[in-house]
Amino acid sequence: MAQGRGSAMVATVFLCMLMFVLHSEMAHGATYTVGDSGGWTFNVAGWPKGKQFRAGDTLVFNYSPAAHNLVAVNKVGYNTCTTPRGSKVYKTGKDQIKLVKGQNFFICSIAGHCQSGMKVAVTAI
């Protein structure tokens, strides 16, 4: 009878560890480099096609901070290539943004860059 309790205890500990690992994986989410090896540059608007994003996934924007920036905008800012008041501007060249559920919009606010396709919209489920 003691052996049965020991086996049950081992199984319970194993299941708890498995649940912890699975929860950790889900909590961290996936990481995607915007523009893949080309990075955050012109004509990346189509980059999300064929990818499924989840809230909590991280987008990595790699770019030259001397030439570009990154701005998280709303839908109007994305469609009009404007930076709404209060928008967060990133300038490190290696920015990491965690996606929120729903639509996430990003542009480069350097004059003419967004209009030349340096913008991306990602929907996270």
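Leaving aside its neighbours within four places in sequence, Lys119 is in contact with Trp40, Val44, Ala45, Tyr78, Asn79, Cys81, Phe106, Ile107 and Cys114, where contact means heavy atoms within 4.5 Å. The model is a predicted one, in which local features need pLDDT of at least 70 and side-chain atom pairs count only at pLDDT 80 or more, while totals for chains, interfaces and linings use all residues. Residues are numbered from 1 along each chain as its sequence is written, and side-chain values use heavy atoms, with hydrogens and water left out.

Lys119 lies in strand β7, which spans residues 119-124; strands here are DSSP runs of E with at least two residues, helices are runs of H or I with at least four residues, and both are numbered from the N terminus. Lys119 is buried and yet has no salt bridge, the nearest side chain of opposite charge being that of Asp95, 19 Å away. Buried means under 20% relative accessible area, exposed means over 50%, and partly exposed covers what is in between, for a 1.4 Å probe and protein chains only. A salt bridge is a side-chain nitrogen of Lys or Arg within 4 Å of a carboxyl oxygen of Asp or Glu, and for charge Lys and Arg count as positive and Asp and Glu as negative, with His and the chain ends not counted. The side chain of Lys119 does reach the backbone oxygen of Tyr78, at 3.2 Å.

From this residue one can turn to the sheet that holds β7. Four strands form an open sheet in the order β4-β3-β6-β7, with antiparallel pairing, where two strands pair if DSSP finds at least two bridges between them. The edge strands are β4 (88-90) and β7, each of which pairs on one side only. Neighbouring strands of this sheet are turned by 25 degrees against each other on average, direction ignored; the axes are lines fitted to C-alpha atoms, for helices over the stretch in contact, and angles run from 0 to 180 degrees between N-to-C directions. Antiparallel β6 and β7 are joined by 6 bridges, and Gly102 has Ala124 in β7 as its bridge partner. Strand β3 (residues 70-73) is joined to β6 (residues 102-107) by 3 bridges, again antiparallel, with Ala72 partnered by Phe106 in β6. Between β3 and β4 the antiparallel pairing extends over 3 bridges, and Leu70 stands opposite Tyr90 in β4.

The other sheet is also open and has 3 strands in the order β1-β2-β5, with mixed pairing. Because β1 (31-33) and β5 (94-98) stand at the edges with a single partner strand each, one side of each is left without a neighbour in the sheet. Strands β1 and β2 (residues 58-62) run parallel and are joined by 3 bridges, among which Tyr32 has Leu59 in β2 as its partner.

Two loop residues other than glycine have a positive phi. Asp36, with a phi of about 50 degrees, is placed in the loop between β1 and β2 and is partly exposed, at a relative accessible area of 44%. Cys81, with a phi near 55 degrees, lies in the loop between α2 (75-80) and β4 and is buried, at a relative accessible area of 17%.

Taken along the sequence, the protein chain follows the pattern α-β-β-β-α-β-β-β-β, and buried residues make up 34% of its 125 residues.

Methods: A polar contact is a pair of N or O atoms within 3.5 Å; within protein, one must be able to donate a hydrogen and the other to accept it, and residues adjacent in sequence count only if both atoms are side-chain atoms.
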